[in-house]
Amino acid sequence: MKNNNKKIKNIIKQVMIFNDFYEEVIQSSLIKNQNQAVSKLEFRLLHTVYRHKKLMISEIADLLNISLPNCSRYVKTAIEDGYIKKQIDSDDKRVYYVTLTDKGVNIVESTLSGFTDEMSQQFNGLDLTSLDRLNQSFCDLNSAIQDTIKPTHSKRH
């Protein structure tokens, strides 16, 4: 058990190091995409909705780990900027979801494209064996996470 804890802590440390690198590349992609003019937090909001297709504001707040009032404010601004739109639930008219507009989708996809280009440059110096190992490592990590980690928010759609 003690050996597992040490391994788990090392895995978490490595994931955190990669996350820091990922955040730097995303920030760089946002800066290079200045015509999109969204902040890092706005991009996180748009990217979260992009990944899940439609979410209630409470679900977004949970996923981004921000308060509901702050999340509501960010969503309102994104609606005013034309990145997000409201979609009323067909079964319960009191409930609404937010989805991305074409403008919001374009921002996410162009930023992710910039991210992909920059990450490709970073990985370009690796040999085929290293790339295969890296790919397998991420596949294994994603598989293990999907099998063991419980979602922190409910799936309502």
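The questions and answers below concern a predicted model of a protein. Residues are numbered from 1 along each chain as its sequence is written. Local features need pLDDT of at least 70 and side-chain atom pairs pLDDT 80 or more, while totals for chains, interfaces and linings use all residues, and side-chain values use heavy atoms, without hydrogens and water.

Reader: In what order do the elements of the protein run from the N terminus?
Author: Helices (H or I, at least four residues) and strands (E, at least two) are DSSP runs, numbered from the N terminus. The protein has six helices and two strands. Their order is α-α-α-α-β-β-α-α.

Reader: Are α2 and α4 roughly parallel or roughly perpendicular to each other?
Author: Axes are lines fitted to C-alpha atoms, for helices over the stretch in contact, and angles run from 0 to 180 degrees between N-to-C directions. The axes of α2 (residues 40-52) and α4 (residues 68-80) come within 11 Å and cross at roughly 85 degrees. Angles under 35 degrees count as roughly parallel, over 145 as roughly antiparallel, 65 to 115 as roughly perpendicular and the rest as oblique. Therefore α2 and α4 are roughly perpendicular.

Reader: Which residues does L45 touch, not counting residues up to four places away in sequence?
Author: Contact means heavy atoms within 4.5 Å. By that rule, L45 touches I60, L64, Y74, V75, A78 and I84, leaving out residues up to four places away in sequence.

Reader: What percentage of the 157 residues count as buried?
Author: Buried means under 20% relative accessible area, exposed over 50%, and partly exposed in between (1.4 Å probe, protein chains only). Of the 157 residues, the buried share is 26%.
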